[in-house]
Every structure is written in structure tokens, then in C-alpha cells.
Amino acid sequence: MAFKKRTAPELTAETPEKLFPLLPRTGANADSLWSQQTDLLREYAPKRLNTKDLAIELPTGTGKTLTGLLIADWRRRQGLGRAIFACPTVQLVKQVVAAAAKEGIAVVDLSGPFTEWDSTAKADYERGRATAVVAYSSIFNVSPKLIEADVIVFDDSHAGEQYVSKAYTVEVSRSSHPDIHSAILEAVAPMLSGERYNQLIMNSPGAGTRQLVDALFLAQRDDLLAPIGRSLSLFGDRPPTDKVARSQKYAYASISEHLSACTLYLSWSKVEVRPTTPPTFENHLFANANQRVYLSATLGAAGELERAFGRPFIKRLSLPPEAPTPKSGRRFLVFPHLVPDIDSDTLTKELIATVGKSIIITPSDAATRVAEKTLIPRGWEVFRKGDVEQSFDDFAAADQAVVLLANRYDGIDLPGHACRSVALVGFPGVTNLQEQFYATRARSSAVSEERVRSRVVQGIGRCTRGPRDWALVIIADADTTTYLSRAEVRETLNPGLQAEVLFGLEQSEASVKNIRDNVTAFMTQGKEWRTNAEPEITEISSEVEYKVAPAAPGLANAAKHEVEALERMWHGDWHSASTKTHEAATELNSYPEARGYQATLLFRSAVLMDKASRAAGDPAMAKAADALADQAVRAATPATWMNAFLPFDGRESAAVSAPLASSVQRLSTVIDEVGSAAKLQQTFVDMFEGLSQIDHRAYEPALTSLGMLLGAEAFKPSGDGRTDAAWCWDNELWITLEAKSEHKPAGTIGIDDVRQVNGHLKLVADDRTAAIPARNAAVMISPRTTVKREAMVVADGNAWRVTPTVMVDLATEAERLWVVLQTLRNIKVSDDRRDGIAAALRSARLCPEDILDRLTTVAIGKS
């Protein structure tokens, strides 16, 4: 009988960077660590060995994955305990396992279902003989099967939010599970106005209704928790073949006992139920690790990492001040929407064909389907998500091929000749209903800007994984073009990327021939590029500087309180949760850029205080909740979404505002003036006909008619340079409308367009011999969504833009409003009629303040 001999102890080292030379030679090892890796690892052992939560930032392609593997392996060899290295996807797990094998680092692949794990590999992890490489989902689920570890290293942690929150988010699609979507809608109907409910049960609503998202803080209504829970539990009744239902059943299990600590985001097509930050304190594998390390190319400074992983404090390990800045590869950005005299899709397809291969990244499956139809050269091979789930090797080896990926802005490594082109198609501003609510209804995009910036930066860097790589980046999207044209966005990028973006913007405002010549010069990497373009980009890089986003310090400070508030909600301590949420809001007092998010926090604090008052039967708490709600409403202006959920149960309705009183008074008269139902119907027919026209002579009168039907004094001023339509609710609220109906969608909004809009309110004030009211907006109506940089610079702070579709949606809702208003014609008691009109306007969300809110979501200066 032969007994196995004990394995000799593994070599170890004083610090992680000294471990690298001791690793077994594989024939594929890197010659040495890069300087930035050495600098960070040298700092780690003496300064951050015992830090519970540690973030490490290194630019794309500068070695962060190896840095994290060395930390995990070093701690394991030191006898500190088991080590886990987590990746967002299974494909990345395979990639990291291969990278570790090249360096001689002992790892095992424990991705996929735990029932399929190799028993030897599992034992090697559990006995501390190798680091387990897993997907995030192996950690963040209702019952993790990995035994606890000393350290968990999270690669690509900037993408963590979507993977971590998924474990605690129940998603209900109207298309895939219409019965559950309908059941939830019925369950929450008591929180909705009659008009909003009617919108949500329509079979074919307008675009505006489809995109509208409501946020229902479930702590506000104890009586709705049971019916909501019954609706969500329907996922458990689905057959095993329904994989979507199965995943949602598990997500519901993780929050089912804590629905009152969650928010329900409701849209026509989808429902999401989730806590504001993930309750990772309940996850024993995550919470009990001695150290959690977060690796990222774009950590940011606004508390996004803390919110994504549900941690109140995450320390940063940065390069020493004297360390050189790591370099990434070179990117040449082309913006087809800025190139005159050619269709942007046509140019994008041509550029992809010129390079010979490309990654196309979109924010959604729907956008991917559109890209497949419009951007892929005929006869090319198409790789999709399933084709590259395990590896990109087949795509890398292919010629004349594209890979289409939805919402995969990170974790794609295609260095060198593997791929020289990436196209970003569709703006990655929102990927879930919470982000959509923050960006639109709540005007809270400041809290998501870090996430959006990370997606764009990561997408740009997919094919430049090392300092010698180079790739063409096609920004094949109007909104992303406008986003990167904003100076305040570019300033938050590192100087090298700032220079590449600015160089690309400048070069794209040229003829098609110039674009073709420049792309050819870049792809050949010859003398023309080296002597002309490279010095220019280097010079720009030396002139620009990185700036932290203005609201970032306040948002970073607020994140701690938000995470702590969620834990208190989870445990039913509503008063303390309200206090913590209010502390988070207070951190934003000095940051007007985050006012929308501050208002959202204040309203959540009010809801939590109101729940605490109900639980304790304390009138003083109820009074405090009302005061917080009033503060939130004021901070939210011009956003009006909170009004639909106020007053709290048992309180009196707020008084009619001055603009609303003006609208009610005028509509009370208009009701008698519009004539018969047939005549009113013809008025709407004529108005819709005008709004469908390009000719301004038809479009402008339709705007005046719409304003009148919305209760405004609506008119087209006479004289030079005047607005095409003015809507005035006395001198309380004014909106001017500049109709660029003759614009072609493919063009750009230029400086002359914006200058016209800037002066309109002043001219109305002069004509009326009155001061411009505090509530005002100068609005441009244009099908164009790309704004030139110069136009952004000159735009006034109250200059906004909407598309013609927004006006049609507004007109459609006005038509539904008038179905109700017509029923008030026979009410002759003026007070009763006015009360009815006010109620109808509030239910339809068509008070003057609501209209102002709808038309001022996209600023021209910050488009």
C-alpha cells in the first residue's frame, strides 16, 4: 500500500509584489510586474492588510486583474484563510483562470451551478490550496454554496451594481408575464391617480406613457404589502422550464420579508421591486470575509461603489503621488452624427467594413436588434452573447465579423490584432427602472452620473487593453455624442481620454473624405498619424486637467448614511432610518447639482417618518413627516412627481397654487367657449394635424391651441425675434416655445438655434411690462438630439429642448383631460366647477407645474 506524501509548503513572501518572482515558471509568465502594480502591492501589506473594504483603481489594460490575483494568492499562502476572486460573468471567469495559469497562480474554476462543480477543485478551495474564481452570482444569491473565505476580490467592481442588485431585485415584464404585471398593477392601484391607472392599462399608449416611471415607496402603504406579496409570489407557480420566473422567485425570496423597505418602480412595460441599496449585510459569505477588495478601472468619487455593494465605508488604495501615470492604448474616436452630408448609420457601417471587424455594444437587447439590421456589412459573420459566453477566441480568430453585446461595457479583453474597432450604439444612461426614474422624473441623474461615465469609459476601452494597443472607437449614437460634447462631462475623464475625445470631436466636424483619410492614417499607424495626430493629442492632454464632478463630495458623504438607513429599514427601525436618510440629504445642502437627489432623499425620509408615526401612534412624528414632505416638494421644484403621493393618509390636501388657480380660472371660462362636443373634437383634430406638420405655419398655431386647452393664456407674440408660442399662467409661470419643426432629425442643434431661444422670455416680459416669474422655461422643439459644443456654451440656464413627440404626447393627454372637463359644463356653481377642474388637472398631471416639469427634463446647456 502506498500512502500519499504531504505536499511541501508553498513559498511565500513578505509582501505580495515579492511573491511574483517566486511563482512557478510556466513559459508564458510576464517578464516582470509593471511599475504601477509593484507600487500598489508594496503599499498594500503595511497599510491596508486589515482593511475590511478596500478599493484599488488602475486604468483599463494596466494590470488590475493580476494585482488582485496576487493579493488573493499572497493572503492564502500567508495562511490567512481561503481566497475568492469574483468576476461579473462566466466568460470573465474563464479569462481570469487562463490568465492565472499563465502566471503559475493556483486557482480553480467554480463558476456555473454548484451541482456541476468539480469535487477536486471544490476541495482545493475549501482546504486553502487554491483561489476559487467564481461569478458574482455565486456570491450574491439567496443561498451561497461557497464556504466562507478570508478575502474576496471583486474584479470589474465598477459594474457591480447590476450584478449585486440583481439578487435583490424582482423584475416583472409585461410581455413575458402579463398576468403578474397586471396583478401588481391592481395591487398598487390605490396609490395611483385614476388617470395614471388608465394610462397603465392601455394596450397601445404613446411613447411618453411607455417611458414614464413611478416610484412607490412601499413603507407608505402597509395595506398594500400583502397584495403585492401575493402578486410576486406567483413566480413560484410557474413551471421549471420558465427560467425567468425561477430567477425572480429567488430574488423575491431575498426581499419577501422586507417589502416595506423596498421601492416599487412602475412603468407600462415593466415593474421592479428592490431596496435602494443591496442588503449585503445579510449575505454571510460576503459579510463575514475578513477583507473585501474591489478592483476597478473607474472607481469614481461619488459613493457609487458604496451604494453598489451596500458598504458604508470603502477605503481607497491609490498609487503613490510620485508614481508615473499608467498609460493605456491609443483610441481614435469618430462621431458620425457630427459629420455633414452623410447618414450616420451609413458612415458607421462603412467604418466597420474598413477596419474589418468590430464589437458593437448597446444598452439593451432592443437596441442590439436595431444595430444588427442597420450597421452590419452584408455577408459578415455575427457573434451574439451566447457565442462568446465562454470565450471570445472564435471571434478573435474570425475575419469580417462583429460581436453584438447588450449592456456589456466591461470585461471584454480583445488586445492587439484580436479586434481594432468598437462601436457604441445607444446611450447607456439607464439600464433599469431605478436609474430611469432618477434620470427623468426625479431629476436625480447626479447620483447615476458616475455609473454612466463608467459605462462609456469602459466601452471606449474594450480593444485597448495594453499601452501598445490601438483601436478605432465609433460613437454611433446622437445622445452619446452630445454627452461627450459636454465640457463638464469631459472634465471628469482622465486627461489622456479627454484629449482623445476632444480630438475626435474636432476631427469629426469635417468632410466625409477627411474622415476616411484620417481613419486610414490611423489604421496604418504610419508617419502621417505619428507626425500630425499624435503630437496634437499629446498637446491637448497637457492642456486639460481632471476635475471631480461638482456634487461628488456631497454624494460620497451621503452614501454612508444611505447604506446605514437601509439596514435600519431592513430591521424595522423606521425612525432611525428616517433620521439617517435625512442626514444623507443634509450632506447635499451645498451641492445644487444634486438637488433632485436631495429632494428624493427628503421625501423618502418623510415616508419613513410617517411609517414610524403609524407604528408608534405618535402625532409629533406625523407632524415631522409632513414638514419633511414640504421640504422635499420645495427642493424638487420643478419636478412634481411627489405630489401624486401627498398628502399622507389622514392629512388635508395642499392649497391650490397660484399657477394652478390661474389655470382653473381660465379653463372654467374656456369650458363654456369651446362649443359643442363635435366642435371641440374638431379643435383637437386641427391641433393634431398641425403638430404632425413640418411647415411652421401649421405647427405654430397648433402650439397656441394646445396651450389654450391646457389653461394657459396662449398666444404668438408679434414682432421680430419673438417666440413661436407663449404660454402664460398670469405672471406666475411662463413657457416660451421655439418650434424647429423644419429641422431634419439627422442634423445638429447649432449656436444660432440656441441664441433664438435665449431671448424669448425677456421679450415676453418686455411685451407684458412684467418681470419674468421664478417659474419659467424657454423650450426648443426639435427632432434633433445632437447639440454642438458651441451651442451648449451659449445656452442660458433656463433653455431646454424637447422632441415633437413630447408635444404630441402632451396633446394626447390634454384630449383625455377634456373628456373629464366636458362633464363639468353643466355645473353652474363656480366653486364646485373650479374644484372639479383642479381635481381633473391633478389627476391628469397637467397642472401648470406639471407641464413645466415635463418640458424641462433636458437642458440645452447640459444635454
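Author: Two strands pair if DSSP finds at least two bridges between them; helices (H or I, at least four residues) and strands (E, at least two) are DSSP runs, numbered from the N terminus. This is a predicted model, in which local features need pLDDT of at least 70, side-chain atom pairs count only at pLDDT 80 or more, and totals for chains, interfaces and linings use all residues. Residues are numbered from 1 along each chain as its sequence is written, and side-chain values use heavy atoms, without hydrogens and water.

Reader: Which residue of β4 is the bridge partner of Ala86?

Author: The partner of Ala86 is Val134. Strand β2 (residues 83-87) runs parallel to β4, joined to it by 4 bridges. Strand β3 (residues 107-109) is also parallel to β4, with 3 bridges, and there Val107 stands opposite Thr131. From β3 the chain passes through helix α5 (residues 119-126) to β4 in a right-handed β-α-β crossover (clockwise from the first strand over the helix to the second, with the strands pointing away from the viewer).

Reader: Why is β4 described as largely enclosed by the rest of the structure?

Author: Buried means under 20% relative accessible area, with a 1.4 Å probe and protein chains only. In β4 (residues 131-135), 5 of the 5 residues are buried, so the strand is largely enclosed. Thr131, Val133 and Ala135 point one way, and Ala132 and Val134 the other.

Reader: Which residues of α14 are buried?

Author: An α-helix has 3.6 residues a turn, so residues three or four places apart point the same way. In α14, the buried residues are Ser344, Leu347, Thr348, Leu351, Ile352 and Val355. They lie on the same side of α14, because their arc around the axis is only 135° (taken from the directions from the helix axis to the C-beta atoms).

Notes: Buried means under 20% relative accessible area, exposed over 50%, partly exposed in between (1.4 Å probe, protein chains only).
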